[in-house]
Amino acid sequence: MMEWSPIILTFKLALITTLILFVISIPLANWLAFTKSRIKPIIETLVSMPLVLPPTVLGFYLLIAFSPSNGLGRWLDEVFGLRLVFSFGGLVFASVIYSLPFMVQPIQAGLSNLPTSFREAAYTLGKSHRTTLMRVLLPNIKPALLTGVVLSFAHTIGEFGVVLMIGGNIPDKTRVASIAIYDEVEAMNYGMANAYSLFLFVVTFAILLIVYSANKSSVA
Amino acid sequence: MLLDVRAGIELGEIVALYGTSGAGKTSTLRMLAGLMPPDSGHIQIGSETWFDSDKKINFAPQQRSISYMFQDYALFPNMTVRANLEFAQEKNIDNKRIDELIEAMQLGDLQHQFPTKLSGGQQQRVALARTLVRRADLLLLDEPLSALDQATRQHLQDYLSEIHRLYKPTIILVSHDIGEVFRLAHRVLMMKNGQVVRVGSPLKVFAEGNEKLKGRVIEVDEESGFVAVLIGNQVFRKQIVGQFLIGQEVTLNDFNVEIK
């Protein structure tokens, strides 16, 4: 019998990760799109690192950093009572970092492709940077926002290496679907592995299809 | 290119920036608006200093009492025509003011449309209306009427004159249309390669130098002695002694009279 908890955990993780990413990526992408700061290339590189690094590298360093026996991990534990290794919170944190480029890059591209005069016109009409972003810029890059949300969500669902490194395989806490599939295959339960896989395949296909159809009709 | 503009403008004056593309007209407007900081110099409006490179003063566009009409209109595609105008208002929406502008710009039927559905000329009228929503001290208009047909253009020239008569804003406009410059501007700054090469009344600026104001005679009434001359795309009539033929090209010196 297929357990639902890895599936539910997967979508919960993807949903929370996507929400957090959406909130932090908008100011970050806005800054990257328009800044003239000299540290921009450094920040851009850091944001893009998860694209090229093996997930295990990221997971490994996060594991080291958040381990309660090390400085940062101990500090988090003592001050906030926060344990990020082998916990759902740690999974969310790692997922946010791991999927960051998938949210930031589309939004940044969307913003920098808008005509400069949109921003300038809003400024000359006396509008603050914040009002300009919220009422002029973001409403005009809806497809880019949607792309960011879909890619981040999908990417988090497909995550394996980072999750395994920092979360391990604890049922109901960190055992997401991709880990469960690996686990079942290891245990030679191909039927179960297939059940999880098929479910993920169908659901993600359906989500992407709905989103792209909706996006197409809104653009047309 | 080095842009070096030294000019004083009277408060409440209408000044036209005239010159070939790349002369620095738009850059001048952008510097006044705070969208492009000059390398050095200062910009002073009345008693207020908006920019001073020595004292490191540089007001943001939001701090300057300006209204800027962009050459590409910069209408917001996510807002209807009316919403674009409402967005330009400071805090409270003054429907009367917006209705008045919509009527003056002949946008009544289009006010609930989105800008991307409009023609170039219609978009230009929306952009001008949006610029006029704010009662700014300084109006910066980058080719405000260039995409309009002749009748609408004249109508809006009159409207701009009317606005100016009522509220006395200082207006700096870029125009390539000599007729329009004559109709609207008190003074012309003729620009070339980033410098102001000539300043003065339209008549003075266009009558002097190499760029003589050229027109074409389109009507001669021999009995009354009136000659109609098309300059740019405006018609001027003047009673003149002399022989003129229809189709003849004349310069302002031939005319030798004040047209305005």
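Two residues count as touching here when their C-beta atoms, placed from the backbone, lie within 7 Å. Keep in mind that the model is predicted.

**View 1. Where chain B meets chain A.** Using that cut-off, 17 residues of chain B are in contact with 13 residues of chain A. On the chain B side, the top contributor is strand E5 (residues 66-69), which puts in 3 residues. Sort the chain B residues that touch chain A by type and you get 11 nonpolar, 3 polar and 3 charged.

**View 2. The two domains of chain B.** Chain B splits into domain 1, covering 14-207, and domain 2, covering 214-254. Going by C-alpha atoms, the centres of domain 1 and domain 2 of chain B are 32 Å apart.

**View 3. Helices H1 and H8 of chain A, seen as a pair.** Helix H1 (residues 5-34) of chain A packs with helix H8 (residues 142-157) of chain A at an angle of about 140°, and their axes are 9 Å apart. Angles over 145 degrees would count as roughly antiparallel, so H1(A) and H8(A) come out as oblique to each other. The crossing of these two helices, H1(A) and H8(A), is right-handed.

**View 4. Zooming in on the H1(A) and H8(A) contact.** From H1(A), the residues making the contact are Thr10(A), Leu13(A), Ala14(A), Thr17(A), Thr18(A), Leu21(A), Phe22(A) and Ser25(A). H8(A) answers with Gly148(A), Val149(A), Ser152(A), Phe153(A), Thr156(A) and Ile157(A). By type, the contact of H1(A) with H8(A) has 7 nonpolar residues, 7 polar ones and no charged ones.

Conventions. Residues numbered from 1 in each chain as written. Chains lettered and ligands numbered in written order. Predicted model: local features only at pLDDT ≥ 70, side-chain atom pairs only at ≥ 80, totals over all residues. Helix = DSSP H or I, 4+ residues; strand = E, 2+ residues; numbered from the N terminus. Nonpolar A, V, L, I, M, F, W, Y, C, P; charged D, E, K, R; others polar. Domains from an automatic or database assignment. Axes fitted to C-alpha atoms, helices over the stretch in contact; angles between N-to-C directions. Parallel < 35°, antiparallel > 145°, perpendicular 65-115°, else oblique. Left-handed = near helix turned anticlockwise from the far one by under 90°.
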